[in-house]
Amino acid sequence: MSMAADPSAVHVADSHDLIRVHGARVNNLKDVSVEIPKRRLTVFTGVSGSGKSSLVFGTIAAESQRMINETYSAFIQGFMPTQARPEVDVLDGLTTAIIVDQERMGADPRSTVGTATDANAMLRILFSRLGQPHIGSPQAFSFNVASISGAGAVTMERAGKTVKERRSFSITGGMCPRCEGRGAVTDIDLSQLYDDSKSLADGAFTIPGWKSDSFWTVRVYAESGFVDPNKPIREFTKKELDDFLYKEPVKVKVDGVNLTYEGLIPKIQKSFLSKDREAMQPHIRAFVDRAVTFTTCPDCDGTRLSETARSSRIAGVNIADACAMQISDLAEWVRGLDEPSVAPLLGKLRHTLDSFVEIGLGYLSLDRPSGTLSGGEAQRTKMIRHLGSSLTDVTYVFDEPTTGLHPHDIQRMNDLLLRLRDKGNTVLVVEHEPETIAIADHVVDLGPGAGTAGGTICFEGTVEGLRAADTITGRHLDDRAALKDEVRKPTGVLEIRGANTHNLQNVDVDVPLGVLCVVTGVAGSGKSSLIHGSVPSGAGLVSVDQTPIRGSRRSNPATYTGLLDPIRKAFAKANGVKPGLFSANSEGACPNCNGAGVVYTDLAMMAGVATTCEECDGKRFQASVLEYLFGGRDISEVLAMSVSEAEEFFGSGDARTPAAHKILQRLSDVGLGYLKLGQPLTTLSGGERQRLKLATHMADKGGVYVLDEPTTGLHLADVEQLLGLLDRLVEAGKSVIVIEHHQAVMAHADWIIDIGPGAGHDGGRVVFEGTPADLVAARSTLTGEHLASYAGA
């Protein structure tokens, strides 16, 4: 007997509507268990360092990606990055995760907005089909492909005989041969390398680290036999100078040792210019900045393209012109092209360009180097390829998508997040912005504090439930900073005259000194161009921008801030030994793990295994080093301290060390008291890295501090602490200029400079100068309207 199916019964396939996480222990998470509804918008909140990214990115997204990678063959997995399974007991109900994070795009000189989003690829095909005169395939318009040709004999076996044939080939590329597709050429200022009035024997070299007795540098030149070491460089013959500067590598003998002699220019290029500038020591970086000048390529005028590629045009526009247009203008130009033979291509290109405009990036151009985009711009650029996707039932993971957005643009971003959800996707967002938290279907609040004081779930539920909950986020969700009753009076002004960097339109403005001055305006209006690009050099600027901190798992807050130096010296002095013993990267390192604390075992395409070193038990130092004490503690115990504990330890008693205490005070001032001194930088959140950088720069000598969006990654409660820090800087006699969108910072300012009215060529003008109260009263700009509604004025 067959039973009729109950029409009201839920199909078993529809019961998997939750992502279940049980026992997550990644970074600071403390056995976290949470159930996240699918096909809903879930926002994760909590103070910076509470464990939001560890749960969303380090656990859910990481496991989803790992499981997808495991579906490929072992051969393919061998070419992919290997990922270990996150520390979690159960992960159930996962779907494919698409991660849209704030990692800066690669700063490769050939990477542009166009190449990163495939818009350039479509434009190249368009010009290869419609461009007049026709010059070749799409690669003829690519600045990454060089034109090459060749001819020669080819030997092959045919019907049992060896046959020789003459073959020739040619590839037409679009790369400018002078700058090799970079758009800029480098010149080395020889006067920064040596003093030509001196001889090599008299110490002519002025390159850092080149000592006169060094085999590898100075002596190889002086004793090579190619130049006269006792003659001033300016008196070298043409042959001597050519050998000195440009000679190809050749073996020479110096004091019976075989060495390689190479011209000075190629040697400098290999030893300095091929390295990452950010990773250099400060004095080396300063030398490179002095010695190397970048100038726009005179052959291609910075377009990166060969003359042939620039000669082919569609409706009077060549591909270099198209890439230089503001994207909103380029979208209009493409819309005006009506050519049935390439209709599908035009449709796709229009959609991509319209997505830029819709997401608030219409002010960019396709030739903008991708390394110059801010974190928020990079994240929104990555979103573009997902906006038109017909995929559903995937999990989109966003890391603070409102970063770098003016309040006016946040509504647009919210609409995009809701649209992705409405297509049947699960959207997970890590966010601090109240306007984005407000649109959530479900909220997960982590905390209660940061670091070891966080890592637990404080609240799960609706936004209304969060408002009523007694958590830090709940209490601060409706915070509104009041406008100041009285503002400080400036002590002087910083004059900017005729500023025309990027989209600025000959701006004249006086930036007041001795006060808290906020520069605001919609994204792309010209704020950073005005401050970073136009403030006169020599004004004593200390600039804290958004470039990410680079650091390996060996780097930690103690090494990054320079705190380890006074600590090592104090240990060395107290024990009568060398400071190098107290470095896990130097003499004191455990020989078994080389000072890493863990031993890594590579398992080819399987995830590598990291096990705690048995010799040092994860302490990273040799046992003999740990016998040396300072203030009753060994070096590993000091590195295990939090900033607050260390501040107390080095502030008084036997361990009093003023140099270390000063650095620790700065770390406390920016709200990082909970960080462990030896915690790897790779485990820090974005907001923590930003504040670590700020603490380091507070030691710089300068009267004017320029901060670029310091509230990035900061919880509402931390913003109050930041405002207190900015006030202390001003009261100490500093001038503080902040580029910022956060209304609490605007309300707290003494003076506001509003750039606009729009973005790109619709911006670049000063639309308001004055106090926050005047801006609210006038309501003459977008910023004024949003600040008025925020302050309830």
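A residue is buried under 20% relative accessible area, exposed over 50%, and partly exposed in between (1.4 Å probe, protein chains only). By that scale, aspartate 118 is partly exposed, with a relative accessible area of 40%.

This is a predicted model: local features need pLDDT of at least 70, side-chain atom pairs count only at pLDDT 80 or more, and totals for chains, interfaces and linings use all residues. Residues are numbered from 1 along each chain as its sequence is written, and side-chain values use heavy atoms, leaving out hydrogens and water.

Stay with aspartate 118. Its phi is near 70°, a positive value in a residue other than glycine. Aspartate 118 sits in the loop between helix 3 (113-116) and helix 4. Helices (H or I, at least four residues) and strands (E, at least two) are DSSP runs, numbered from the N terminus.

Arginine 779 also has a positive phi, near 50°. Its loop joins helix 27 (772-778) and helix 28 (782-791). Arginine 779 is partly exposed, at 41% relative accessibility.

Next, the cis peptide bonds. One runs from glutamine 132 to proline 133, with omega near -5°. Proline 133 lies in the loop between helix 4 (119-130) and strand 6 (148-158). Another runs from glycine 447 to proline 448, with omega near 0°. The loop between strand 16 (442-447) and strand 17 (456-461) holds proline 448.

Now turn to helix 24 (residues 686-697). At 1.5 Å a residue, its 12 residues should span 16 Å, and the end C-alpha atoms are 17 Å apart, which agrees. The expected span is 1.5 Å times one less than the number of residues. Buried residues of helix 24 include Gly687, Leu692 and Ala695.
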